[in-house]
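Please examine the structure shown below before reading on.

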Amino acid sequence: MTLGKRLLLFGLLGPPLGFVTAFWILLQIVNTALGEKSTADPGQLILLPLAYIVGIVPALATGGIDHYFRNWRLGPLFTCLAGYLLGFMPIATALAMGFIHGPFVLIFGLIGAIPALICALIARI
């Protein structure tokens with residue numbers, strides 16, 4: 001797969017998969033763990049343009065990293081790690097200023113890691 005096609009794949013699928021991971025998977029797991037009711041609602045799709053605005057740069061960067069690892073046997077795993085680290089990019093300023101802290105911040109990386117792994121596996125088909 002060429003670099004352009006890979007970036008298109010990551011750019012088109014990455015932000016919506018990150019949205020689904022954040023709002024419809026991880027948030028529901030946290031709500032269940034806290035004993036709260038589910039907050040999943042189809043009306044949340046109105047936030048999808050915001051997911052593209054916030055997630056397009058990390059998704060494209062992850063696509064470029066995946067292109068570098070395209071011939072490596074463990075390439076999808078490295079792409080998943082890169083997606084995890086780049087998942088903190090949208091909240092980097094809040095992290096640096098100390099507004100967000102504690103061990104639960106590490107969950108934010110999964111919002112980038114899971115879509116990165118899915119896109120990397122699709123790119124290798």
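Arg6, Asp66 and Arg124 are joined in a network of salt bridges. A salt bridge here is a side-chain nitrogen of Lys or Arg within 4 Å of a carboxyl oxygen of Asp or Glu. Side chains of opposite charge can pair when their charged atoms come close. The model is a predicted one, in which local features need pLDDT of at least 70 and side-chain atom pairs count only at pLDDT 80 or more, while totals for chains, interfaces and linings use all residues. Residues are numbered from 1 along each chain as its sequence is written, and side-chain values use heavy atoms, with hydrogens and water left out.

How many salt bridges does a search of the whole structure find? The search gives 2. In one, the closest N and O atoms of Arg6 and Asp66 are 2.6 Å apart. This pair links distant parts of the chain, since Arg6 lies in helix α1 (residues 3-34) and Asp66 in helix α2 (residues 48-68), 60 residues apart. Helices (H or I, at least four residues) and strands (E, at least two) are DSSP runs, numbered from the N terminus.

Asp66 also forms a salt bridge with Arg124, with 2.8 Å between the closest N and O atoms. Here too distant parts of the chain are linked: Arg124 belongs to the segment after α5 (110-123), 58 residues from Asp66.

Are these residues buried or exposed? Buried means under 20% relative accessible area, exposed over 50%, and partly exposed in between (1.4 Å probe, protein chains only). Arg6 is buried at 3%, and Asp66 is buried at 0%, whereas Arg124 is partly exposed at 29%.

Ala123 is located in helix α5 and is buried, with 7% relative accessibility. Apart from neighbours within four places in sequence, Ala123 is in contact (heavy atoms within 4.5 Å) with Met1, Arg6, Leu9 and Asp66.

The largest pocket has a volume of about 720 Å³. On a 1 Å grid over the protein atoms alone, a pocket is an open set of points with protein on both sides within 12 Å along at least five of seven lines, and lining residues have an atom within 4 Å of a point. The volume is the space filled by probe spheres set on the points, which are joined across faces, edges and corners. Of the 30 lining residues, Gly18, Ala22, Gly87, Phe108 and Ile111 are the closest to the centre of the largest pocket. Helix α1 gives the largest share of this lining, 10 residues.

Key. On a 1 Å grid over the protein atoms alone, a cavity is a set of points where a 1.4 Å probe fits but cannot get out, and a pocket is an open set with protein on both sides within 12 Å along at least five of seven lines; lining residues have an atom within 4 Å of a point.
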